[in-house]
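Thanks, everyone; I would like to take a few minutes to walk through one structure. Please look at it on the screen while I talk.

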Amino acid sequence: MATTTDAGQRPRRSALTGGRHLADRLFQGITGVAASIVLIIVAGLFVQLIWRSWPAMKANGFSFIWQTNWDPARGIFGAGAFLVGTALTAVSALILATMVAVLVALYLVEIAPAWVARPISYMVELLAAIPSVVYGLWGIYVLGGFVKDVIGPVLTNTLGTFIPFFGGTPRVTGLLSAILVLTIMIIPTVMAVSRDVIAAVPGSQREAILALGATRWEAIRIAVLPYARSGVLGGAILGLARAVGETLAVTLVIGNRVSIPDTIFAPTYTMASVIANQFQEAEGATHRAALMEVALLLLVLTFVINVIARILVWRVTNGQRAVVIE
Amino acid sequence: MTTASTESLFTPATESLFRRRRTTDRVMTIIMLSAAVLAVTPLVLIVFHVLTHGIGALSLSLLTEDPNPAGRPGGGVRNSIVGSAIMVGMATAIGAPIAIACGVFLSEYGQNRLGTVLRFLVDVLAGMPSITIGLFIYSLVVLPNKKFTAIAGAMALAVILIPVVARITEEMLLLVPRSLREAAFALGAPRWRTVMTVVLPTALPGIVTGLMLALSRIAGEAAPLLFTSLGNQFFSTDPFSAIDALPTRIYFYASGPFDYWHEQAWAMSLLLVGFILVVSLIVRALAGTKVTVRQ
């Protein structure tokens with residue numbers, strides 16, 4: 001908005017004082033260089049990873065994506081198992097987190113009085129500030145035990161009796177622990193976006209349906225949710241991107257074994273965790289290049305997910321996000 | 001008593017429909033409330049466990065000594081604390097000027113298509129997995145120099161900091177009332193002068209807030225450091241050699257075999273979470289406006 005007035009002013013000002021014009025252009029140039037650094041970093045990320053994984057891409061071909069064997073000692077590299085591990089953990093966490101987060105967001109916007117909503121909102125957002133490694137530590141020594149002793153037996157005795165995937169021996173580290181840790185980690189992301197898009201639903205929508213005699217829940221179901229749906233979806237996908245890229249918390253609790261999990265307690269790998277776990281001790285250039293290729297795959301995946309999410313969120317909130325001022 | 005009056009007005013079928021709708025409303029309200037309680041529980045639990053597990057291992061020697069050789073209980077993590085401080089400081093020194101300048105560009109010259117594209121890229125960069133950023137710096141800095149260095153770690157952290165601070169700077173600059181700019185323009189000040197002496201100082205509290213939040217975020221990052229600063233058993237302040245950091249040491253100790261390592265990992269988590277919560281509370285208390293950083 002400031003630009004429009006200035007665009008009109010600039011020729012006159014520069015006509016008066018040429019020196020100022022030069023300083024202004026210099027200023028624009030310097031800040032422009034800083035801004036283009038972001039562009040360079042994003043481009044550099046892709047370029048560097050493509051470059052470093054090029055030998056692996058040539059050696060492994062496209063089958064790298066679905067090939068599930070990963071045997072560094074014999075030089076066999078396929079990222080299929082990691083893709084399955086990533087998809088299983090991230091999507092399950094997303095479903096669990098979205099269910100909780102949307103209900104919380106609805107509670108905060110539609111029901112809770114301000115003095116309740118503010119602290120709850122703040123506390124949920126603080127979850128996003130806790131470092132990944134601390135989640136990992138807590139995941140192994142607290143949550144893992146809970147999974148093994150409480151959640152695990154309950155699951156095997158109920159769902160496990162007729163669905164083999166929920167059977168097996170509960171373990172401290174494995175798929176389920178990773179899913180639960182990820183769920184907790186992405187709840188704040190999904191909650192914050194959902195809360196904003198739900199708050200952005202015009203009050204007249206609610207008032208209209210309430211005036212027709214609807215209960216509060218009916219107002220939410222009929223007037224609020226359909227309106228906020230695509231924004232909530234955007235928030236959920238943003239959470240998915242976070243879950244896919246989450247590294248150390250998952251590395252610590254997922255058990256780290258190259259295999260497609262046969263039960264919900266089985267140890268496995270995600271793309272991010274195999275990189276964190278194997279890169280430092282990688283034997284030889286081919287192993288390292290293959291891990292770079294996994295990283296490239298991860299980068300492309302999160303890039304695509306992010307782009308979709310940003311477009312969805314942008315469309316609903318008209319660009320007002322990232323920073324919230326109340 | 002209400003039943004008596006409604007019974008006289010509506011048929012029993014309608015009455016039961018009313019009751020069912022009211023029950024659904026109550027049940028859903030209770031479900032939403034429990035979801036809120038459920039979402040807050042992990043934070044309470046994590047803070048509780050970090051406190052109870054961490055406080056026992058927290059001691060003066062933890063802060064003033066360096067790690068013992070593996071397997072010998074005792075020792076401390078002075079090297080990690082100092083290393084974290086050095087790298088976070090360097091990352092801020094590298095990243096903050098770029099981020100703030102980028103934010104200035106976005107708010108001053110970015111109300112067009114170019115700005116939209118850049119803003120989008122900044123958001124995309126903010127969403128990149130931190131481990132890939134670590135590999136990016138590994139490939140760009142560590143491999144050519146054949147050396148893990150503190151400066152490489154700081155660069156990886158700076159890449160994480162830049163998009164966060166750039167976006168906050170932009171939002172804060174756009175919040176500065178237009179009348180302030182107009183007043184400066186009316187006095188004949190050129191644009192750069194208006195920005196540097198009027199707009200930026202006005203927005204400074206907000207920018208500092210954002211910077212502090214970004215700082216507390218990179219202080220907890222371990223994934224980008226694994227392949228850049230690597231970690232170091234020994235005390236080091238040399239920016240051109242491998243250096244330790246709190247999050248990487250927590251990761252190392254948490255996955256290690258010794259009990260005293262686990263205890264020290266909890267104590268380090270207590271330091272880290274304490275730092276982050278304190279920064280977050282200070283920011284909240286200082287800022288007149290509520291600012292939150294999101295993924």
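Chain B has a radius of gyration of 26 Å, whereas a compact globule of 295 residues would have one near 19 Å; the radius is taken over C-alpha atoms, and the globule rule is 2.2 Å times the number of residues to the power 0.38. This is a predicted model, in which local features need pLDDT of at least 70 and side-chain atom pairs count only at pLDDT 80 or more, while totals for chains, interfaces and linings use all residues. Residues are numbered from 1 along each chain as its sequence is written, and chains are lettered from A and ligands numbered from 1 in the order in which they are written.

Along the principal axes, the C-alpha atoms of chain B fill a box of roughly 85 × 65 × 35 Å. Chain B contains eleven helices and zero strands, these being DSSP runs numbered from the N terminus (H or I, at least four residues, for helices; E, at least two, for strands).

Turning to the contact between the chains, chain B contributes 83 residues and chain A 84 residues, where two residues are in contact if their C-beta atoms, placed from the backbone, lie within 7 Å. On the side of chain B that touches chain A, helix α2 (residues 12–57) gives the most, with 19 residues. By class, that side of chain B has 53 nonpolar, 17 polar and 13 charged residues; Ala, Val, Leu, Ile, Met, Phe, Trp, Tyr, Cys and Pro count as nonpolar, Asp, Glu, Lys and Arg as charged, and the others, Gly among them, as polar.

Within chain B, of the contacts with a separation of 6 or more, 75% are between residues 24 or more positions apart.
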